[in-house]
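Subject: Structure handover

Hello,

Please look through it before reading my notes below.

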Amino acid sequence: MSGIMPTVYEPRMVEDKIYKFWLDSGCFQARGDGSRVYSIVIPPPNVTGSLHMGHALNNTIQDVLVRWKRMQGYDTLWLPGCDHAGIATQIKVEEHLQKDEGLSRHDIGREAFLKKAWQWKESYHKRILEQLQCLGVSCDWSRERFTMDEGCSRAVREVFVSLFEEGFIYRGNYMINWCPRCSTALSDIEVEHEDVKGTLTYIRYPLLEGEGYITVATTRPETMLGDTAVAVNPSDKRYQHLVGKKVLLPLMEREIPIIADEYVDPSFGTGAVKITPAHDPNDFEVAVRHELPSIQVINNDGSMSEETGPYAGMDRLACRQKVVEDLKKLGLVEKVEEYEHAVGHCQRCKTAIEPLVSMQWFVKMKPLAEPALKAVIDKKISFVPSRFTKVYLTWLENVRDWCISRQIWWGHRIPAWYCECGEMIVARQDPTSCPVCGSKSLEQDPDVLDTWFSSALWPFSTLGWRGKTKELELFFPTSVLVTGYDIIYFWVARMIFMSLHFMKEIPFKDVYIHGLVRDAQGRKMSKSLGNGVDPLEVISKYGADTLRYTLITGQAPGNDQRFRFENVEAGRNFANKIWNASRFVLMNLEGIDPGPLSENLSRHEHWILDRYRKTVLEVTSFLEEYELGEAARRLYDFIWSDFCDWYIELSKIQIFGGSEQDKKRVLQVLHHVLRGTLKLLHPFMPFISEEIWQHLPGRGEESILATASWPIAEASPELEEKAQAFTHVLEVVKAIRFLRGEVALPPGKKTKVILRTSDEYASLLKEEEVVLKKLAFADQVIFLQEGEEKPEKALTALSGKVEVYLPLEGVVDIEGEIGRLQKELAEVEKDLMQVSRKLANPQFVQKAPPHVVRKNQDKQEDLTMHRQKLQERLQELTKLTR
């Protein structure tokens, strides 16, 4: 590719073409050649729909790291794939089945339903792949995996059977979290607790012997129908005389004992609590200690069970209201108080979960957690930022056994079979007969494994475990995991303990934690708020590089960021700036072989080369520290300010007015700096940088930017010293530009500039007078001799040891400018008074939406600063009229 670049950069005309160019070249594929290795396994997106802005951020971060390391010469593997997402996908497929055919999964049966689930997977997997490629990710697509593909499924079964044989997996009746909507058990970390306004109902339980009653307080009156005891603390003197006696359970007319247990908090409610072993995890433990029966009064679908008599079949929440009404009729409700408390909800469907005793499969966590704790404590694995180490350690130190069975159909089916003789068989291969009685009538466990079970194996199952593959040998352990802070428990911890147990190795060396992408008001993006932003729509309108740049510069490790379209616009402006600057350079290089840099360079050429050298060092250092946002911002400053605003403008002096030798020298520098800058830019904005690169002459063996070498720079005191002299010149230019801005002089209005300084600086500035005129929009530069008086009616500034004067006589109507500024100041003060009154009104601050209040606060701050600036300019101009 060569020739003149188009006038305008059109992302839609470039991105598909460039991505196909990369794919055809095979530059994303790991070489496996024994060189230094850098590997990442993608956090597999769920096959439940489209990618959201969080995916865009996560994959942009990974791509920046992978492209950077590839350019540093590493043999890079970024392994892509998707997750089957058991419950989430099953819900989606069920919804479509009901909507399209009016059927439930039970109507069509397991086999037919799974066929539809696989069809869904194929459809959405293709969509996700296309979306990732639109973003520009440089994954090795030849190694793509799926959590339910043959290899991963084989690994899942091997791990399950191995853990069962080692005694780490067991089956039993235990209290679990149950979602009535999803009809499945949930692990503790799949439950989100939300504060809910409810009631605390005080219920009188009549004593069986004599008169009187004992009062208990509960937030869930409907569960009293399953009570099998009332408990008090043994040290509570109020109730010690009642321990061992019985009460008559209201409505059910069942005799239940009063027991003493340390679990009871005497300060809660009345100090006496109802014990419902089938519907509360703490009550379940109390029942085990006291050998109490367990009565399930709520069914799996959230309705009341047959055990509740007249309440059977009612919805649990409707039953709650009915029970209180019936108790009131009997005079057994002492009082009802408003009460706010935390209620667990299903992470997927947001339904209030129901604690139930159920036969489930569990993983013993304590022995597996200990090595995972030690690996992080011993700094074998590092969290970035380090504050998330504590989050990880706290969870593992307090971990409970992991419920891994789910009552759904889509997922890895548990490899356990049951025989009529009572034998249970857990096997790597499907058994054909019972090893005890020889019966061929075996039934496989209907449940599937928690999605996170297979995800926990992702770093090594995707590389061919359990065999000894070349991929495992080369690329495991991986280099870094990039993920959000919201799945440290779900995924990060589980990958670590599974890898340590089965691979005897950590799965990755670093864990880079990023935050959420929120809307402009700081709210979490969600369908319910309607504030989600589709990354594909942003890409379609602005281009992938603009979105990537916006997300990278908006984030710092571990922190949330706000997505604002004004930042997207700024990103597009940056892309256009890069394009226009590159086009200028390439137009002037047309037909010219730039060759190596000349030895006889000017001050400003030394200056730009030094600025470029420092930028290479700083960008590389920031990337090494995972400060990707800082790296991108530093590069922005160099490209926009140093290269475009300063050096390209300076280069025009030689290109359009210098000798052929001067012109060639400056073009060599432009080519050298542009070439290196495109390399620095590539990980962040790969499409536009590659497109420009393909127009660049002198690429040599580096025909593809994606695989070109990363720039290397070293300390250079000699270059820095030469560059420093020109820095003084630029500081004077900035001072002149500042003074021109004070009186709003347009660039086309040339002015006289007067300078006074020592002979040393005067000599330097005289040598660079052409530069001063060009960059400071001056038609004349006058140097005052020692003893000469400073000019009248001139604005003044000090730049280091240089006094700068901008005469205004004949250039600016000072009286008219003062009048204009006074009028502008009056408008600003009027607006400031209005917004200040609004913010001084407590009702506005308390009742207006937070983002509206914040907007007014920002406006007040901006107006205050603007007023101060106007006042200072008026003061300066007024001095000139005296």
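What follows is a summary of the findings, going from the whole chain to single residues.

Please keep in mind that this is a predicted model.

Overall layout

The protein chain has 882 residues, and 53% of them count as buried. Its secondary structure consists of 27 helices and 29 strands. Along the principal axes, the C-alpha atoms take up a box of roughly 115 × 70 × 55 Å. Among contacts with a separation of 6 or more, 77% are between residues 24 or more positions apart.

Surface and charge

About 40,200 Å² of the protein chain is accessible surface, and carbon and sulfur atoms contribute 49% of that. The side chains include 111 positive and 126 negative ones, with 2 Å between the centres of the two sets.

Cysteines

The disulfide count is 0. For Cys152, the closest cysteine sulfur belongs to Cys82 and is 12 Å away, so the pair is too far apart for a bond; the cut-off for a disulfide is 2.5 Å between the sulfur atoms. Cys403 is in no disulfide either, as its nearest cysteine sulfur, in Cys346, is 13 Å away. Cys152 has a relative accessible area of 3% and is buried. Cys403 is buried too, at 4% relative accessibility.

Backbone points to check

Two cis peptide bonds are worth a look. One runs from Trp465 to Arg466, with omega near 25 degrees. Arg466 sits in the loop that links helix H12 (458-461) to helix H13 (470-475). The other joins Phe476 and Pro477, and its omega is about 0 degrees. Pro477 is placed in the loop between H13 and strand E22 (478-484).

There are also residues other than glycine with positive phi. Lys379 has phi near 65 degrees and belongs to the loop between helix H9 (366-377) and strand E15 (382-384). Tyr626 likewise has phi near 65 degrees, and is located in the loop between helix H18 (603-624) and helix H19 (628-657).

Are these two residues buried or exposed? Lys379 counts as exposed because its relative accessibility is 67%, and the threshold for exposed is over 50%. Tyr626 has a relative accessible area of 10%, so it is buried; buried means under 20%.

Regards

Notes
Residues numbered from 1 in each chain as written. Predicted model: local features only at pLDDT ≥ 70, side-chain atom pairs only at ≥ 80, totals over all residues. Heavy atoms only, no water. Helix = DSSP H or I, 4+ residues; strand = E, 2+ residues; numbered from the N terminus. Buried < 20%, exposed > 50% of the residue type's maximum accessible area, 1.4 Å probe, protein only. Contact = heavy atoms within 4.5 Å. Areas by Shrake-Rupley, 256 points an atom, 1.4 Å probe, with all protein chains shown as cover. Lys, Arg positive; Asp, Glu negative; His and termini not counted. Charge placed at Lys NZ, Arg CZ, Asp CG, Glu CD.
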